[in-house]
Amino acid sequence: MKGKRMKCLVLALCCMMATFGVWGCGASDDGQKIEIEIVQYKPEAASYFGMVEEEFNKTHDNIRLKISSPNDAMTILRTRFIREDYPDIIGIGGDINYSYFVDAGILADVSDYAGLKNIKQAYLDIDETLEFVPTEGSFAVPYVANAAGVLYNKDLFEEHGWQIPQNWDEMLALCEQIKAEGVLPFYFGFKDTWTCLAPWNAMAVDLAPADVAKQVNRGETNFTTEYKELAEKYLQLMPYGPEDPLAYGYNDACTAFARGESAMYPIGSYAIPQILSVNPDLNIDSFVMPAHDTKEGNTLNSGIDLQFCVTADCPNKEAAYEVLDFLCADENLQKYINDQIAVPCKDSSFELSPMLDGMKEYIEAGNMTDYQDHYYPSEMAVDAQIQTFVLQKDVNAFLSKFDTDWQRYNRDIIRLVQDYEKKHGNAER
């Protein structure tokens, strides 16, 4: 019953989206090759996946691979799910959409995929944590992660002798020092609401429990309690950006940072290709957002940026696994890492971009915590709430609305979680 109910919920969210084309999967026109179709949600990586498709089809006689990288992949996927027209494999992030798809029974259990043994346990754990309630099986092969914190202009830092901050007091002192020397500490890009989540997530992993959303769903705490310090410190960053933090969007902020108009940019590694497209010679490095009062309390904000899921209706699971093997081959994964400045989820010898050098200590130690917004329902529009909060600067009102809206937009999941707790208790899987 749970799967059917949640599947209806997922599909109902998208029932108005019925104008897209349909692709088939299974055998190709010649009736000999097996066709495997992937729809993946990262259009910025379309050229990489075009290369993968071409190289795979050159080297495999029994399987024909087709990869689509549309701009609106999630809309297209949901529309196809309504029509029960499933790709063989989907490439999505480790976020609440994955949670919905697991609970709706759309994804196949890939526990028998041999390549899972090569995936770092931290990322397998993230996928388990994303499940609304513990669900038997594994439903994704994590591919790459990103890292969010602070990008900084390395040449400016070396020229002025600025030191990387290790805790919150040092962070504020650095901002004061940069400002006093006539340089803007930050660009934000908050005109585009989603960018408001970048510093929020990077600070939240230091200041709130990693499973705060699940604790709230179980009725054990609330966001007013757990997010108060986070909200207060978030506002403390605002005087160190443009006078109007909402005046500039993501592209504006990337361009300004690329041109040396700010010393730092609180954003994820995913922004680096955009920045370098403006200034390929910019000397970028990064550091973990030091929101905690001690260095030991800091952790790297890192989540699964792309993972591959075989759909439950895929008729050729073995062929799908052969495609996954090709995608996860070290040489192909390294090409993606180079192209997108990504962090591999596979445990092997990969070369990371030097632009992540300042985060390497945390990556190698596995001191990483998932994005808090991966648990936020999209209907709640937390990014827009944070944008309003930046304007109004009322911590209590912001947190009160956060708690009220959470109960409103998350009520089905809260009911699901609490029913599970009544039956099973808070037992470990």
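Helices (H or I, at least four residues) and strands (E, at least two) are taken here as DSSP runs and numbered from the N terminus. The structure is a predicted model, in which local features need pLDDT of at least 70 and side-chain atom pairs count only at pLDDT 80 or more, while totals for chains, interfaces and linings use all residues. Residues are numbered from 1 along each chain as its sequence is written, and side-chain values use heavy atoms, with hydrogens and water left out.

The largest nonpolar core contains 150 residues. Such a core is a set of buried Ala, Val, Leu, Ile, Met, Phe, Trp, Tyr and Cys residues joined through side-chain atoms within 4.5 Å; buried denotes under 20% relative accessible area, exposed over 50%, and partly exposed the range in between (1.4 Å probe, protein chains only). Y143, Y227, Y234, M264 and I275 touch the most other members of this core. Helix 14 (residues 317-328) supplies its largest share, eight residues. In soluble globular proteins, nonpolar side chains tend to be buried together.

Helix 11 (residues 228-237) has L230, A231, K233, Y234, L235 and L237 as its buried residues. These pack against helix 7 (168-180), helix 8 (197-207), helix 17 and helix 18 (395-409), contact being defined by heavy atoms within 4.5 Å. With helix 17 (residues 382-392), the axes come within 10 Å and cross at roughly 60 degrees. Axes are lines fitted to C-alpha atoms, for helices over the stretch in contact, and angles run from 0 to 180 degrees between N-to-C directions. In this pairing A231, Y234 and L235 of helix 11 meet I386, F389 and V390 of helix 17. The contact comprises six nonpolar residues, no polar and no charged, where Ala, Val, Leu, Ile, Met, Phe, Trp, Tyr, Cys and Pro count as nonpolar, Asp, Glu, Lys and Arg as charged, and the others, Gly among them, as polar.

A381 is situated in the loop between strand 11 (368-369) and helix 17. Its phi is near 50 degrees, a positive value in a residue other than glycine. A381 is partly exposed, at a relative accessible area of 29%. E84, in the loop between helix 3 (73-82) and strand 4 (89-92), likewise is not a glycine and has a positive phi of about 55 degrees. E84 counts as exposed because its relative accessibility is 57%. Most residues other than glycine have a negative phi.

Polar side chains in two further loops were also examined. S262 lies between helix 12 (250-258) and strand 7 (264-265) and is buried, at 0% relative accessibility. A polar atom of its side chain is 3.0 Å from the backbone oxygen of M264; a polar contact is a pair of N or O atoms within 3.5 Å, and within protein one must be able to donate a hydrogen and the other to accept it, residues adjacent in sequence counting only if both atoms are side-chain atoms.

K346 occupies the loop between strand 10 (343-344) and helix 16 (360-365). It counts as buried because its relative accessible area is 14%. The K346 side chain reaches the backbone oxygen of C328 at 2.8 Å. Beyond four places in sequence, the contacts of K346 include Y143, D330 and K120. K120 itself belongs to the loop between helix 4 (96-103) and helix 5 (121-130) and is partly exposed, at 22% relative accessibility.
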